[in-house]
Amino acid sequence: MPLLACSFGGLLALLWPRWSPAALTAGAAVSAMLLPAEARVAFNGVGLAFGGAGALLIVLFGMTLLPIVEIFLPRGEVGRRAGVGLPAVAALLAVALLGTGLVVDRPDGAHPQRSHLAYVLDADAGTAHWVSAEAAPTGWTGRYVNTRDTAALPAGYARGDLWTGQAVPIRAEGPAVTGSRTGDTLRLHVSSRRGASGMTLRIERPISEASARAPGSAAVTVPVAGMRAGTWPGEIRFRDLPPEGVDIDMRLPPGPVRVTAIDETHGLAHAPGFVARPPDVEAGTREDGDLVAVTRTVSF
């Protein structure tokens, strides 16, 4: 919508004489009403993890106002000096505001900072770890994670750079995974023995097609393009997992393959040693955060 508004503003400028104040004002007004609001929506939706989306909208907002600013600049030698002086003043003001913001803008209950934390139990090894994808752990997250070593995590679980820390294992059965391999097709039946609502499958090889069928429902088949980066290349996520489990077929290159099934429940309140987040910290938006995940790896 904001980009369409910018295009509409440009069209208005073409319909009026060049540099027409009416055209410039009308063109900028439409975008000026929409771009800041859309930038706020983008920030609230994805936070700083994808802050570039909101920043782009703010930049576009500023660009829509530049022609209007030029109307008020004097012409001639004074205008040339103003053309140099105004950007310099704006740059200094931006630096000053940035420094002030870094000093006075601190997380609080009304403006909490976001954190990422998950509890991961390897049901095969009987070990558990705290996992965080934060670039630099917050004070609250730092009480759980203290190393970049991911070697002890379940096979295929780690995605990208992670922080980890040892955790007390809970008594929980891992996902039930049965199946068979025929040529380029792997047929699985997966279910959660502990009644988890979500299931993620990490596959050691890339997949080109996946089909899922829940009890009482028709199978749904979708082509798969691309691969997961920073972890095993194949991944399937299933939400609202029924107690009976689901049948999943996938096409992948021939040869041996490992599959790590991860059943997931939301919330960390029942994880050993968990202390609730303080008012100035809230859960982040990454889909594998704020979860208790129990894994099991099977070879086919």
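1. Two strands count as paired if DSSP finds at least two bridges between them; strands (E, at least two residues) and helices (H or I, at least four) are DSSP runs numbered from the N terminus. A happy place to start is the open sheet, where 5 strands follow the order 5-6-11-8-9 with antiparallel pairing. Strand 5 (176-182) and strand 9 (220-223) stand at the edges with a single partner strand each, so one side of each is left without a neighbour in the sheet. On average, neighbouring strands of this sheet are turned by 15 degrees against each other, direction ignored (axes are lines fitted to C-alpha atoms, for helices over the stretch in contact, and angles run from 0 to 180 degrees between N-to-C directions).

2. A word on the basis: this is a predicted model, in which local features need pLDDT of at least 70 and side-chain atom pairs count only at pLDDT 80 or more, while totals for chains, interfaces and linings use all residues. Residues are numbered from 1 along each chain as its sequence is written, and side-chain values use heavy atoms, with hydrogens and water left out.

3. Thr182 stands opposite Thr185 in strand 6.

4. For the overall picture, the chain has 4 helices and 14 strands. Of its 300 residues, 35% count as buried (under 20% relative accessible area; exposed is over 50%, partly exposed in between, with a 1.4 Å probe and protein chains only). Among contacts (heavy atoms within 4.5 Å) with a separation of 6 or more, 75% join residues 24 or more positions apart.

5. Of its 21 residues, Leu188, Val190, Leu201, Ile203, Ile236 and Met250 touch the most other members. Strands 6 (185-191), 7 (198-203), 10 (234-239), 11 (246-251) and 12 (258-266) each supply at least two residues of this core. Apart from it lies another core of 16 residues, including Leu117, Trp140, Val281 and Val294.

6. Val190 deserves a look too: leaving aside residues up to four places away in sequence, Val190 touches Ala176, Val177, Met199, Leu201, Gly245, Val246 and Ile248.

7. Not counting residues up to four places away in sequence, its contacts include Val120, Asp122, Pro154, Tyr157, Thr260 and Ile262.

Conventions: A nonpolar core is a set of buried Ala, Val, Leu, Ile, Met, Phe, Trp, Tyr and Cys residues joined through side-chain atoms within 4.5 Å.
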